[in-house]
Amino acid sequence: MSQDRGPRRPRRLEKCALISASATVLSLTASGCVVVHGEREVLPSATRAEAAKALERFTTAYNKADKAYDASLDAGHTTGALAAIDSARLKAGAANHPDGNPAHEPLELTDAKFTIPKKAGWPRWFVADTKANKGGTARWLLVFTRDGLEETWEAAYLTLVAPGKVPEFKTDEDGWAEAVPANATDVSVPPAGLSKDYTTYLQDGGKTFADGVHTSSWRALREKRSTRPGLVTQYIDEPLTNGDYAPLALRTEDGGALVFFTSRHFEKQTAARGASVPTPNKDVLALTDGEIKQSLTMEFVSNEVALDPADGQVSVLGRVQGLTSGKGE
């Protein structure tokens with residue numbers, strides 16, 4: 001129903017200390033500055049100290065934005081699926097509470113474990129696996145990306161995974177992880193194809209994905225909702241794979257991959273003649289254009305994390321979804 005969208009911030013590839021996209025060979029300048037071809041040299045995406053600082057800055061910005069219900073306060077620290085979900089949440093909050101969030105509770109992320117892949121080219125990225133004071137006992141997995149040394153680290157993915165479900169990652173002798181290429185063929189589904197396969201599965205079923213809360217159970221729930229008396233509910237699912245929505249994958253110790261990917265979902269409720277669509281809550285109304293007379297179409301962005309084995313069914317371990325817009329007719 002729509003194309004991939006979402007603003008992309010200007011990216012600069014100006015580098016000296018470590019990487020230069022224009023350099024073709026390793027050289028040592030008179031100043032002692034080492035210059036490496038950024039598209040070829042395999043380097044850790046970040047130091048562990050840089051990763052910890054990025055998580056700290058994200059949390060600070062997130063809390064400021066949540067307290068004020070002001071999306072501009074963390075816009076420079078989010079991108080991709082998380083930015084789409086978070087900015088819509090803050091927009092709705094601001095519409096209903098212009099003086100700020102009356103229920104604000106600062107987010108606290110602790111016990112952080114960083115998995116940092118060693119890779120060539122941009123974007124560079126890493127995963128932070130943390131505890132949080134929200135979301136029960138689930139681990140919060142955040143994926144941070146950036147497209148240049150002078151860019152700010154931005155959180156692109158946020159998923160929640162049950163304790164003990166985060167796999168062990170393959171690392172080298174220095175503790176650096178391995179990024180799995182989007183077109184990898186040594187896993188059940190190439191990471192680049194997971195979003196499309198997932199949205200196809202939601203529509204048609206199949207054997208690609210293992211049963212679970214975000215697969216078979218979600219399909220069953222949608223089927224139940226689609227047959228309510230006096231109300232027809234239709235679902236359309238679309239892959240999101242370009243730009244800041246591109247999938248990112250880490251090699252697991254057993255040879256598979258942990259893949260972060262994005263999808264878009266539409267839910268259209270149409271009331272029978274003489275009936276009406278159930279009145280949505282105030283946050284939905286704040287994001288809805290048009291007058292809800294006989295139908296309401298809601299658009300959601302969802303980010304998932306899945307265990308993609310070397311052989312066998314893909315298991316979706318976590319999914320965070322948020323309403324991004326609505327249309328009444």
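Buried means under 20% relative accessible area, exposed over 50%, and partly exposed in between (1.4 Å probe, protein chains only). The model is predicted: local features need pLDDT of at least 70, side-chain atom pairs count only at pLDDT 80 or more, and totals for chains, interfaces and linings use all residues. Residues are numbered from 1 along each chain as its sequence is written, and side-chain values use heavy atoms, with hydrogens and water left out.

**Exercise 1.** Locate Arg273 and decide whether Arg273 is buried or exposed.

*Solution.*
- Step 1: Arg273 lies in the loop that runs between strand E13 (257–271) and helix H5 (282–286). Helices (H or I, at least four residues) and strands (E, at least two) are DSSP runs, numbered from the N terminus.
- Step 2: The relative accessible area of Arg273 is 82%, so Arg273 is exposed.
- Step 3: Leu231 is 42 residues from Arg273 in sequence, and their C-alpha atoms are 9.5 Å apart.

**Exercise 2.** State in which order the strands of the open sheet with E4, E6 and E10 are arranged.

*Solution.*
- Step 1: The 3 strands follow the order E4-E6-E10, with mixed pairing. Strand E4 (43–44) and strand E10 (177–178) are the edges, each pairing on one side only.
- Step 2: Two strands pair if DSSP finds at least two bridges between them. E4 meets strand E6 (residues 117–119) in the antiparallel sense over 2 bridges.
- Step 3: Leu43 has Lys119 in E6 as its bridge partner.

**Exercise 3.** Find what share of the chain is buried.

*Solution.*
- Step 1: The chain holds 5 helices and 16 strands.
- Step 2: Of its 329 residues, 47% count as buried.
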